[in-house]
Amino acid sequence: MAAVQDGQVESDAEKETKPDASNDVAGNSSGGARSMSPNAASSASGAAKAAAPTGPGEQQTLLAVLQFLKRSKLLESVDILRREAGLSDELDESQTNDGAAAGSASLLRRVSVGGAAATNIAATTTSKGAEDQPDVSIVLSAYSQQGDPALYQVYYSGLKNFIESVLDCHRAELSQLFYPLFVHMYLELVYNNHEHEAKVFFEKFSGDQECYYRDDLRVLSGLTKKEHMKGNETLLDFRTSKFVLRISRDSYQLLKRHLQERQNNQIWLIIQEHLYIDIFDGMPRSKSQIDSMSGSLAGEARREANKAKVYYGLLKEPEIEVPLDDEDDEAENEEGKPKKKKPKKDNLGSKNKKQDPNAPQQNRIPLPELKDSDKLDKIMSMKEATKKIRLGPDTLPSICFYTFLNAYQGLTSVDVTDDSSLIAGGFADSTVRVWSVTPKKLRKVKSAADLNLIDKEADDVLERIMDEKTASESKILYGHSGPVYGISFSPDRNYLLSSSEDGTVRLWSLQTFTCLVGYKGHNYPVWDTQFSPYGYYFVSGGHDRIARLWATDHYQPLRMFAGHLADITCTHFHPNSNYVATGSADRTVRLWDVLNGNCVRIFSGHKGPIHSLAFSPNGKYVASGATDGRVLLWDIGHGLMIGELKGHTDTVYALKFSRDGEILASGSMDGTVRLWDALKAFDVETDDFTAATGHIHLPDNSQELLLGTYMTKSTPVIHLHFTRRNLLLAAGGYNSQ
Amino acid sequence: MAEERRQKQCSVVMPTESMKAMAESVGVGQLQEDSCVALSEEVSYRIKEIVQDALKFMHHGKRRKLTTNDIDHALKLKNVEPLYGFQSQEFIPFRFASGGGRELHFYEEKEVDLSDIINTPLPRVPLDVSLKAHWLSIDGVQPAIPENPPPAPKEQQKSEFTEPLKVVKPGQEEEGSIQAKGQGATSAEGLGRCPNRTEKGSIRIKPRSTHELSVEQQLYYKEITEACVGSCEAKRAEALQSIATDPGLYQMLPRFSTFISEGVRVNVVQNNLALLIYLMRMVKALMDNPTLYLEKYLHELIPAVVTCIVSKQLCLRPDVDNHWALRDFAARLMAQSCKTFSTTNNNIQSRITKTFTKSLLDEKTQWTTRYGCIAGLAELGPDVIKTLIIARLSVEGARIKAVMEGPVVSNIDKIGAEHVQSLLLKHCASVIAKTRPLPDVVDQYRTDYGYLGPMLCSHVVKARAQAALQAQQVNRTTLTITQPRPTLTVSQSTLGVSSGPRTPSIIKVPSSLALMSTRPGTPTQPSPPTTKYIVMATSAGAASTQQVITLSSAQSGSPVTSTVPSTPSTLQPLVKLESSSTAGMSRPLQKYIVVSLPSSSSVDSKGSGVLPASTSPISVEQSVKLERSESPAASTQSPH
């Protein structure tokens with residue numbers, strides 16, 4: 001295996017390339033697990049050959065290797081190495097303890113729940129452990145001294161020339177290498193204190209990178225010293241996660257041959273260490289295909305990451321005793337209900353007598369019991385639904401715009417109840433305000449003393465408990481100590497959630513208008529929170545990159561969804577409450593299984609932080625909007641991007657499907673509401689080949705799909721809501737000037 | 001280009017001098033050069049890091065402006081103590097100092113006397129957040145209501161005008177351009193008239209579109225025009241305000257324009273002063289409407305306005321009626337439209353100037369027309385005054401002298417001569433005060449300017465004194481409004497529309513009237529606090545005036561406009577904003593914005609008494625852009 005060809009061994013790390021290379025010929029897709037042990041073995045033997053530890057540096061090298069072996073449970077090798085090197089136990093014991101502590105800490109932080117969890121953990125542990133110990137890090141760090149810094153430019157431009165000279169069909173694929181290579185080479189230079197070379201390197205090649213990496217490059221450009229690398233999150237992401245590229249086998253062979261011919265070990269090493277090349281058989285992808293999928297912080301999603309089965313169907317509606325009439329009673333009828341006509345009806349026409357094959361088990365996750373009041377509400381919503389307007393390209397919805405006046409740019413979030421009776425706003429001055437948009441005023445429940453006096457047997461007891469004196473159109477909720485970035489009503493309208501910069505999520509009662517619980521867990525700003533469509537559960541996500549699933553009666557989270565590489569900017573529940581979608585500043589959307597906390601989908605393709613998400617009412621699709629002004633549509637079942645809606649010129653802060661899923665409305669910072677033909681957008685046949693390979697051809701038909709654009713007068717649109725009758729409500733704070 | 005910029009970003013670091021200055025400020029005397037370099041790199045990196053984090057807060061705050069709060073939050077994220085109490089009365093709180101070859105910007109922290117704070121009256125409570133609903137779209141169509149942006153933005157109206165063949169949208173067209181009308185004829189005619197437009201043998205003809213107003217629009221038009229010339233002043237104010245603000249008027253614009261031009265034509269013949277005034281106020285309102293593209297209708301509006309400036313007779317009894325005010329008002333309108341619409345293509349300003357000059361030079365011109373010409377020229381700015389009016393002072397002086405001191409020809413002539421004299425003195429004095437070196441010797445003035453010399457001299461002395469006074473006030477940034485410009489008032493109650501007895505004083509000079517119509521609180525901004533704009537206009541070497549405009553959003557409050565001459569030496573090109581804010585609310589209630597307009601050659605400094613519509617919004621916006629987020633951006637109230 002470890003056929004060492006070169007007599008001259010510069011360092012043990014260089015040796016690692018060889019076995020890896022041979023391993024990759026056999027099949028790269030097997031990932032790190034197989035290449036792990038040969039690596040370790042070779043490095044161990046390499047270190048042993050070097051032997052005779054003289055300087056302190058080499059002793060540390062040995063220590064580090066020992067530590068690594070221990071962690072890899074290669075106890076025999078440890079013994080052998082220790083004997084050969086003549087090291088005392090205490091020495092490495094002390095070191096190991098540190099390392100183990102750091103390693104476990106890092107584990108906690110970024111446990112990857114993805115498919116190749118085991119290998120990932122191993123990989124992260126080493127690199128993390130290395131990083132937390134400055135001495136050891138020099139040895140095991142990803143960016144240890146390699147070659148002559150002056151040659152980096154030569155290496156890079158050599159590769160660039162090569163890629164530019166290959167056939168067109170391969171060029172687009174191989175061009176994907178530029179960005180990750182550029183970043184890692186730059187970081188290596190910085191890490192090894194070649195500040196000047198790093199600057200020159202950056203200046204020379206940063207212009208070649210795709211424009212959608214601009215934001216990252218800006219972060220990188222500021223970073224010119226090794227000390228800066230500590231604590232820089234973007235960097236940590238780059239070092240701890242492998243950048244994923246999808247390249248066809250032909251292109252990959254071409255690249256490998258080139259690198260071997262040129263003895264370009266530097267680049268080869270980076271590819272081995274920091275990139276994950278997902279090789280597929282078949283035609284290389286075109287430039288546009290690649291562009292549509294790339295842009296995320298860690299490259300594309302691995303193919304196997306999107307292979308898990310997702311039960312995207314809707315749950316069966318509970319049987320409610322509604323007086324039944326004719327099945328297709330279109331006319332307005334007091335009692336008449338098309339049975340079980342739920343507003344969120346999928347448009348495939350399958351009535352929900354039989355279980356949707358794609359739906360999860362009814363009790364896959366325990367859902368709260370329906371209360372009587374919930375049933376009444378369901379009946380109400382069904383009645384409303386009969387009066388619903390069927391939307392389509394010819395019948396566009398009317399839009400009612402709620403403008404927040406005198407907010408002094410302080411409006412940060414808005415939510416509307418499902419029955420459109422209440423509207424709540426979160427503000428930068430830490431307040432949450434709730435308005436009633438119906439004539440029914442907001443009233444508090446009477447105080448405990450007064451409640452004792454009322455007749456509990458009375459029919460209108462629910463009416464009697466309310467304090468008429470407190471009736472007003474709006475109420476203010478005080479409690480947060482920072483801007484309120486996320487806000488969500490419970491489906492039964494009894495509760496309100498708010499998440500804030502102060503790191504808490506608060507649950508408010510809309511009966512007493514007081515704070516009930518403050519959920520502490522995120523120590524950093526919580527950017528978004530949302531109730532499950534069935535209540536009880538809610539999800540929150542924030543700056544700490546971990547989305548948490550909570551139940552209202554637990555003060556600690558039930559699930560922690562870790563895996564995003566940057567802030568979680570928005571969170572959304574799937575209509576069936578079994579899944580949670582999170583959008584992140586790492587420019588991916590992830591779908592998490594509530595049952596086991598696994599990440600079941602990773603959607604890459606956005607070129608900026610994602611700020612809005614919306615599931616289609618039938619649960620099959622999800623739409624996401626980002627700072628780049630684009631809205632992307634995803635097929636959850638196949639794990640594919642199926643559409644791109646271009647038109648907005650600024651961040652898309654609001655997305656919503658109409659109740660029947662025919663229209664997608666998007667609202668943006670550019671002050672427009674746009675309506676898109678969702679049916680037509682989803683009307684793309686996904687053949688088996690596309691589903692299998694994940695190669696997508698996106699039609700560029702945004703203009704055809706755009707049904708309407710409605711400008712506001714300098715009011716960014718930050719929330720959209722379809723009433724049960726398919727009237728579109730939009731909301732935003734007026735931005736004077 | 002973008003890449004080049006990015007590369008520059010890479011190397012942007014704080015200058016080492018800053019490090020030294022900061023070190024000195026905390027008592028470290030001698031800082032090694034190496035330490036400075038290391039420090040500056042580190043500091044630059046940390047600053048960039050913090051700003052990048054602060055951007056996150058801005059994005060989540062759904063804003064486009066980074067605020068100091070964002071920075072505070074970003075610092076908190078990094079576990080750094082935020083900067084408490086970083087609040088400033090001013091917009092850019094940094095002061096500049098130089099000396100010893102070093103330049104320094106520093107943050108001035110004054111000692112504040114507590115009693116001052118205690119004794120100042122409490123500021124008004126900021127308006128509470130409120131919710132307002134309107135229809136953004138009804139069944140897919142956006143209704144033309146003030147809450148929505150204008151249906152056809154100005155650019156579209158313009159492109160329809162300038163490139164009539166490019167945009168063809170049935171139902172949205174206007175046959176405003178003569179060109180298009182010509183092509184609406186048969187193709188043979190089209191060929192004959194504009195052979196240039198034939199392309200490959202086929203003529204692209206703009207389809208003739210019937211331009212119908214909806215019933216509502218017809219009703220609206222009727223109501224508005226009736227109210228504008230009717231007898232009820234309250235209704236008129238409402239109608240004018242509607243014209244000045246409604247976003248959906250562009251389809252009715254050709255009607256309005258014809259109404260005005262025909263109205264002027266008829267009423268000049270009938271010498272109906274009141275109606276002429278009303279029509280001019282309509283012109284003013286149309287020009288104030290930011291959504292209208294008036295260029296198409298200037299051929300109708302300008303002759304009407306010019307008529308009101310220079311017509312021989314505008315009223316039945318020229319000896320008692322104050323038609324002079326109408327001339328002044330129309331002259332200001334003219335100057336404003338020159339400023340707004342004059343381009344190298346239409347040459348409005350030079351054509352107008354020529355017209356005025358021609359009749360001014362004519363010996364036989366009547367005093368009324370002469371007055372109009374001078375007023376029209378004077379409003380065009382100090383440069384025009386300098387070259388065209390001051391040069392003729394002695395000639396005009398001789399003419400006035402002939403009337404004043406000669407045998408009494410007629411009372412009318414005498415009044416005319418008096419008005420011309422005061423007009424000349426008023427306009428010339430301020431210009432001369434700026435340009436003529438001291439001292440002011442009466443005899444010298446007499447030789448230079450003839451008959452008017454001595455009077456001019458005293459006016460100039462007064463003007464200089466006032467400028468000096470004003471300069472002091474500017475330095476203290478307190479405002480006293482001196483020497484209000486005459487504004488136009490119509491006391492409606494005494495006025496019969498066309499006939500009947502009229503009181504001699506129809507038009508009063510002082511008082512405050514909505515020359516600049518108060519913009520109604522737009523739906524989205526019901527009533528922001530009062531804002532004061534002080535526009536300081538400097539033009540090199542020329543006289544400059546300072547206009548103080550108080551805009552108040554209350555419907556009843558009318559803007560007070562005044563012009564204050566000041567010397568150029570005291571005007572520093574500074575832009576600042578003062579906001580008084582309470583600690584708790586931190587929302588300034590009243591702002592003083594001092595904006596120095598770019599010194600322009602001709603038109604700027606002595607423009608109309610009203611904030612010039614073309615230039616001021618730009619500067620005001622620029623200044624407001626940088627303001628901190630919590631301040632209520634009341635600049636929507638600025639005239640657009």
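Two strands pair if DSSP finds at least two bridges between them. Strands (E, at least two residues) and helices (H or I, at least four) are DSSP runs, numbered from the N terminus. The model is predicted, so local features need pLDDT of at least 70 and side-chain atom pairs count only at pLDDT 80 or more, while totals for chains, interfaces and linings use all residues. Residues are numbered from 1 along each chain as its sequence is written, chains are lettered from A and ligands numbered from 1 in the order in which they are written, and side-chain values use heavy atoms, with hydrogens and water left out.

**View 1. Strand pairing between chain A and chain B.** β3(A) pairs with strand β3 (residues 130-137) of chain B in the antiparallel sense, over 7 bridges. Within this pairing, T403(A) is opposite K132(B) in β3(B).

**View 2. The interface of chain A and chain B.** Chain A brings 65 residues to the contact and chain B brings 60 residues; contact means heavy atoms within 4.5 Å. The size of an interface is often given as the accessible area lost when the parts come together. Here about 6,000 Å² is buried between chain A and chain B, 56% of it on carbon and sulfur atoms. Buried area is the accessible area (1.4 Å probe) that two parts lose on being put together, summed over both.

**View 3. A salt bridge across the interface.** Side chains of opposite charge can pair when their charged atoms come close. A salt bridge is a side-chain nitrogen of Lys or Arg within 4 Å of a carboxyl oxygen of Asp or Glu. The rule finds 4 salt bridges across the interface of chain A and chain B. In the one between D128(B) and R433(A), the closest N and O atoms are 2.9 Å apart.

**View 4. A salt bridge within chain A.** Over all chains, the whole structure holds 45 salt bridges. One of them joins D281(A) and R249(A) (2.8 Å, N to O). D281(A) lies in the loop between β2 (275-280) and α17 (287-293) of chain A, and R249(A) in helix α15 (residues 249-262) of chain A, so the pair ties together parts that are 32 residues apart in sequence.

**View 5. A hairpin in chain A.** Strand β12 (residues 504-509) and strand β13 (residues 514-520) of chain A pair in the antiparallel sense over 6 bridges. V505(A) is opposite Y519(A) in β13(A). The hairpin of β12(A) and β13(A) has 4 residues between the strands, and F513(A) in the turn has a positive phi of about 55°.
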